[in-house]
Structures are given as C-alpha cells and as structure tokens.
Amino acid sequence: MTSRWGELASETRQRAATTRVPKRVRNEIVIVLKRLAAAGQCSQDVQGWLTTSAECLTFSKNADGRDGRDHPALKLQRLPDLQDGAVLSMQIEFGPNGPLRGYNLGVTGATRRGDPWYARMDLGLMPEGSGLCGHPLLHLHVGRDPDELPNVRAPLAWLEPVDALTWLLATLDPRHEP
C-alpha cells in the first residue's frame, strides 16, 4: 500500500520531469521580478543580475545582497512587515536537456520589531533526511533561523518555480497576489 507521502513524491517527480523549458521558467521569473522592481521593492537592475547557465538560474555575484551563506541575493525594501535589507535568494536547477532538477527560493530578513524571520521553498527530487514524510521532496520552511531546531518542513503539492516565488512575495506584500 502506497502512503500519501509516496504519492506526493511521485506526483512531484512527474511534474518536475515535464517542466523542461529553462527559458520559459526564466521569462516567468523575470516578469515577477520586474513587478517587484516597479513597486520599488528591489533594484531596477534586477533583470541584469539574473544569470543562466545550461543548468542553473540564479542571481549573479553582482547582485546587491547576500544571503546568510554568502550566496548572491536580491535586497528587498518597502515590505510592510520586514525591515529594509531583507534578501531574496534563488537557485533553480535543470538537468541535461532541460528537466527541472530542483529549486530553492527564500526570503531572509528581520521583522519590523527586529526579530529574525525567513521563509524558503525547497524542491529536491531525491529523498533526503528522515524520509518522505519528515523531508518531503517539495516543502516549505518558515521560522526565525534556518539552522534552528526543530527544522520543520511543511509538505507542498506541486508548484512551478514562478508559483513558489509568487507565493513568497504575496506573503510579504498582498499587492503581489496573482
């Protein structure tokens, strides 16, 4: 008997395998980031900081922010509930010939009260950690510190990378609701 966790993993793998067009994914991400810039919530230079290789879409080393692990990130500002200087990090990976291999999209910053806060969506197509229930293939982290225990991973049904980015931004400012 297959568990719901196994079914969810199978559905996620099938959907990722059909997401085969890195250029389309990049174009969708650019549209969302341009709206963020038009709202004055990030630099107008954001499109120039996207870098795409055959296997990865991320921010270049020239981006104006760094995440907690010193990876290039995009500085955010004018968000209702976070202090200016929060950062958006993004890494979207494709395999040879284009199937989606995984993604990490996250925002790290401080609330207006000064408390640390982060949210991150992760997609990995290989089981990790404690299993499909404790570490679902597509999951969400939300909390004060990504390294703080317990490290809770809320399971998610399939989301394209642009949908994950849209959700993150809509949680930070309702004007980004689709």
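Is the crossing of H2 and H3 left-handed or right-handed? The answer comes in point 2, after a word on what you are looking at.

1. **What you are looking at.** This is a predicted model, in which local features need pLDDT of at least 70, side-chain atom pairs count only at pLDDT 80 or more, and totals for chains, interfaces and linings use all residues. Residues are numbered from 1 along each chain as its sequence is written, and side-chain values use heavy atoms, with hydrogens and water left out. Helices (H or I, at least four residues) and strands (E, at least two) are DSSP runs, numbered from the N terminus.

2. **The helix pair.** The crossing of H2 and H3 is right-handed; this term applies if the near helix is turned clockwise from the far one by less than a right angle, and left-handed applies if anticlockwise. Two packed helices are described by the angle between their axes and the distance between the axes. Here H2 and H3 pack at about 15 degrees, with their axes 9 Å apart, so H2 is roughly parallel to H3. Axes are lines fitted to C-alpha atoms, for helices over the stretch in contact, and the angles run from 0 to 180 degrees between N-to-C directions. Angles under 35 degrees count as roughly parallel, over 145 as roughly antiparallel, 65 to 115 as roughly perpendicular and the rest as oblique.

3. **Who meets whom between the helices.** From H2 come Val25, Glu28, Ile29, Val32, Leu33 and Leu36, and they meet Pro161, Val162, Leu165, Thr166 and Leu169 of H3. Contact means heavy atoms within 4.5 Å. By type, the residues of this contact are 9 nonpolar, 1 polar and 1 charged. In this count Ala, Val, Leu, Ile, Met, Phe, Trp, Tyr, Cys and Pro are nonpolar, Asp, Glu, Lys and Arg are charged, and the others, Gly among them, are polar.

4. In soluble globular proteins, nonpolar side chains tend to be buried together. The largest nonpolar core of this model has 42 residues, and Ile29, Leu33, Phe59, Leu74, Leu76, Ile92 and Tyr103 touch the most other members. Elements supplying at least two residues each include helix H2 (22–38), strand E5 (87–94), strand E6 (100–110) and helix H3 (161–172). H2 gives the most, with 7 residues. A nonpolar core is a set of buried Ala, Val, Leu, Ile, Met, Phe, Trp, Tyr and Cys residues joined through side-chain atoms within 4.5 Å. Buried means under 20% relative accessible area, exposed over 50%, and partly exposed in between (1.4 Å probe, protein chains only).

5. **The loop between E3 and E4.** Both Asp70 and His71 sit here. Asp70 has a positive phi of about 65 degrees although it is not a glycine, and with a relative accessible area of 56% Asp70 is exposed. His71 is partly exposed, at 43%. Sequence neighbours within four places aside, His71 is in contact with Gly65 and Arg66.

6. **Other backbone details.** Most residues other than glycine have a negative phi, and most peptide bonds are trans. Arg78, in the loop between E4 and E5, has a positive phi near 60 degrees and is exposed, with a relative accessible area of 55%. A cis peptide bond joins Leu149 and Pro150, with omega about 0 degrees; Pro150 lies in the loop between E8 and E9.

7. Thr111 is in the loop between E6 and E7 and counts as buried at 15% relative accessibility. Leu156, in the loop between strand E9 (154–155) and H3, is buried too, at 17%. Leaving out neighbours within four places, Leu156 is in contact with Leu8, Met121, Leu138, His139 and Leu140.

8. **A glycine in a strand.** Finally, look at Gly143 in strand E8, which is partly exposed at 23% relative accessibility. Not counting residues up to four places away in sequence, Gly143 touches Pro116, Trp117 and Tyr118.
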